[in-house]
Amino acid sequence: VIHYKINLPIPDLTHMLTGTESILSNLICVFYVSFFILTSGVDEQTIIDVLTKRTYAQRREIAFAYERRAKKDMITALKGALSGSLEAVILGLMKSTSQYDASEIRGSIKGLGTDEETLIEILCSRSNEELVDIKKVYKELFKTDLQKDVKGDTSGNFAKLLLALVETKRAEPSAIVDYEKIDEDARALYDAGVKIKGTDVATWISIMSERSVPHLQKVFQRYKSYSPYDMQESIVKEVKGDLQKSFLVLAQCFENKQLFFAKRLNEAMKSKGAKEKIVTRIIVSRCEVDLKKIGCEYKTNFGQSLQKTGDYQKVLLSLCGPEE
Ligand SMILES: [Ca+2]
């Protein structure tokens with residue numbers, strides 16, 4: 001068997017194209033994907049190049065065009081052609097951000113035991129708008145309510161916090177800064193935690209799940225004038241376990257969400273091999289949202305670019321875009 005390696009230029013279309021340009025480039029992509037899937041020699045790098053240098057919308061167009069030409073489903077074809085973590089990443093990319101998040105949550109609940117780490121990361125870091133969409137998609141995909149699944153798999157105050165977030169009652173940011181309310185909330189957080197024996201978790205939950213993010217940023221600043229410990233230190237002192245982890249993710253994301261993800265990526269990448277799942281999840285779930293900003297925070301805080309970190313999977317680094 002002779003393998004011909006065809007080196008046609010693969011168009012890089014990280015920005016959206018319209019009209020004929022898009023149709024043409026997608027045709028070339030479909031050609032590439034079909035050629036490499038249909039021939040026995042699967043060129044993984046080409047599949048990676050074709051699918052990672054595009055937006056989700058473009059990947060869907062490619063899949064649609066592929067299905068029309070090849071008369072079969074591209075996802076099924078990719079499943080047959082790829083394996084392991086590369087398969088997980090590429091199939092993840094064929095989902096929308098909400099579909100991916102919903103599937104990750106479902107997997108964390110329906111797998112063996114409960115993967116609290118995934119559940120906490122997604123529910124505590126997503127915006128209200130994102131959570132609204134995740135709930136909708138969850139219902140469409142799994143024919144059941146996210147609330148019901150979360151309730152069935154968690155308990156106590158941890159369950160109450162996650163369910164409060166899933167209720168998506170967070171206020172929209174307001175143009176008017178309400179200093180009285182900021183002071184009131186800061187004092188309430190202190191009165192419910194560091195000031196008293198034990199913790200009034202319900203008060204913490206309602207403030208942290210219902211107030212807007214800009215408001216909470218000011219509340220946490222104000223909080224320091226009441227408490228000898230800042231909010232994150234107070235969380236560590238007051239609560240334990242999954243509840244503590246959840247409040248910490250929330251507090252970190254209120255302050256700087258991209259820095260939170262950069263730190264998490266750094267920790268996961270430092271621990272060799274074992275944390276690949278976390279790196280994959282963050283990069284795939286944020287590539288259409290704020291991965292570029294996460295990369296900037298990463299470089300600012302850890303002195304090197306995300307793309308240069310270790311010998312991480314080429315596909316994930318390719319999603320981070322060119323190094324700047
Ligand atoms: Ca206390």
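User: Which helices are included in what covers the buried residues of α12?

Analyst: This is a predicted model, in which local features need pLDDT of at least 70, side-chain atom pairs count only at pLDDT 80 or more, and totals for chains, interfaces and linings use all residues. Residues are numbered from 1 along each chain as its sequence is written. Helices are DSSP runs of H or I with at least four residues, numbered from the N terminus. A residue is buried if 20 or more other C-beta atoms, placed from the backbone, lie within 10 Å of its own, exposed if 12 or fewer, and partly exposed in between. The cover of the buried residues of α12 includes α10, α11 (179-191), α13 (213-223) and α15 (241-270).

User: Why do the buried residues of α12 line one face of the helix?

Analyst: The buried residues in α12 are Trp204, Ile205, Met208 and Ser209. An arc is taken over the directions from the helix axis to the C-beta atoms. Seen down the axis of α12, these residues line one face because they fall within an arc of 105 degrees.

User: At what angle do helix α10 and helix α12 pack?

Analyst: Axes are lines fitted to C-alpha atoms, for helices over the stretch in contact, and angles run from 0 to 180 degrees between N-to-C directions. Angles under 35 degrees count as roughly parallel, over 145 as roughly antiparallel, 65 to 115 as roughly perpendicular and the rest as oblique. The axes of α10 (residues 156-166) and α12 (residues 201-210) are 9 Å apart, and the helices pack at an angle of about 20 degrees. That makes α10, relative to α12, roughly parallel.

User: Is Asn157 buried, exposed or partly exposed?

Analyst: Asn157 is found in helix α10. Leaving aside residues up to four places away in sequence, Asn157 touches Val201 and Leu243. Because Asn157 has 19 C-beta neighbours inside 10 Å, it counts as partly exposed.

User: Which residues of helix α4 are buried, and which are exposed on the other side?

Analyst: In α4 (residues 74-81), the buried residues are Met74, Leu78 and Ala81. They cover an arc of only 65 degrees around the axis, which puts them on the same side of α4. Exposed on the other side of α4 are Thr76 and Gly80.

Terms used:
Helices (H or I, at least four residues) and strands (E, at least two) are DSSP runs, numbered from the N terminus. Two residues are in contact if their C-beta atoms, placed from the backbone, lie within 7 Å.
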